[in-house]
Amino acid sequence: MRTLLNLIWLVLSGLWMALGYFLAGIICCVLIVTIPFGVAAFRIGAFALWPFGRTVVRKPSAGVMSTIGNVIWIVVAGLWLAIGHLLSGIALCVTIIGIPLGLANFKLIPVSLMPLGADIVDADDPRVLVAA
């Protein structure tokens, strides 16, 4: 079921959202100071391509620098990517078949706003149980 949802997701929303993340990552990697943001954008872009069966877990060791970086990220690219997920999620939720895909878009909003200090892991990973 995960594979089927991921394939439908890829066509309807995933490819377009991933391209947005990859564009943000390329722009961030152009400047030396924002390379960590670019790496985070590429990581989330890969997650946006194939989200079913994976989840986001916050790192307990993330500190103040990660919070400051997330605030900068929200201003630079996070707000626009979150709006993209919100609009895409609403559009997908209009149809009954698209509801799981719309919910996946809504699931990606928090990580699109705060990518630093987060790990993307398989849903079967033991860290998911620890974080819950």
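Mentor: Start with the annotation. An unreviewed UniProt entry lists "domain: Inner membrane component" for residues 4–54 and again for residues 68–117. The model itself is predicted. In this model, residues 4–54 are 82% helix and 2% strand. The C-alpha atoms at the ends of that span are 14 Å apart. Residues 68–117 are 82% helix and 0% strand. Their end C-alpha atoms are 11 Å apart.

Now the overall layout. The protein chain has five helices and two strands. Read from the N terminus, the order is α-α-β-α-α-β-α. The radius of gyration is 14 Å, close to the 14 Å from the globule rule for 132 residues, so the chain is as compact as a globular protein of that length. The C-alpha trace spans about 40 × 35 × 20 Å along its principal axes. Of the 132 residues, 39% are buried. Take the contacts with a separation of 6 or more: 74% of them join residues 24 or more positions apart.

The largest nonpolar core holds 24 residues. Those with the most contacts inside it are W9, A48, F52, W73, L81, L101 and L108. Four helices each supply at least two residues of this core: α1 (2–30), α2 (35–49), α3 and α4 (99–113). The largest share, seven residues, comes from α1.

Look at A48 first. A48 sits in helix α2. Its relative accessibility is 0%, so A48 counts as buried. Beyond neighbours within four places in sequence, A48 contacts W9, G14, M17, A18, Y21 and L108. Two of these partners, W9 and L108, are also on the list of residues with the most contacts inside the core.

Follow the A48 contact to A18. A18 belongs to helix α1. Leaving out neighbours within four places, A18 touches G45, A48 and L49.

Next, W73, another of the residues with the most contacts inside the core. Its contacts, not counting residues up to four places away, are A24, C28, F37, A41, G78, L81, S112, L113 and P115. L81 is itself among the residues with the most core contacts.

The whole structure has zero. The sulfur of C28 is 7.0 Å from the closest cysteine sulfur, in C29, which is too far for a bond. The limit for a disulfide is 2.5 Å between the sulfur atoms. C29 is likewise in no disulfide, with the sulfur of C28 as its nearest at 7.0 Å. C28 is buried, at 3% relative accessible area. C29 is partly exposed, at 30%.

Take S88, in helix α3. S88 is buried because its relative accessible area is 18%, and the cut-off is under 20%. Beyond neighbours within four places, S88 contacts S13 and N105.

Finish with the charged pair. Side chains of opposite charge can pair when their charged atoms come close. A search of the whole structure finds one salt bridge. The side chains of K59 and D119 form it, at 3.8 Å from N to O. K59 lies in the loop between β1 (54–58) and α3 (64–93), and D119 lies in strand β2 (residues 118–122), so the pair ties together parts that are 60 residues apart in sequence. K59 is partly exposed, at 36% relative accessibility. D119 is partly exposed as well, at 24%.

How values were computed: Residues numbered from 1 in each chain as written. Predicted model: local features only at pLDDT ≥ 70, side-chain atom pairs only at ≥ 80, totals over all residues. Heavy atoms only, no water. Buried < 20%, exposed > 50% of the residue type's maximum accessible area, 1.4 Å probe, protein only. UniProt positions renumbered as here; feature names shortened; annotations may be inferred. Salt bridge = Lys/Arg side-chain N within 4 Å of Asp/Glu carboxyl O. Contact = heavy atoms within 4.5 Å. Core = buried A, V, L, I, M, F, W, Y, C linked by side-chain atoms within 4.5 Å. Rg over C-alpha atoms; globule rule 2.2 N^0.38 Å.
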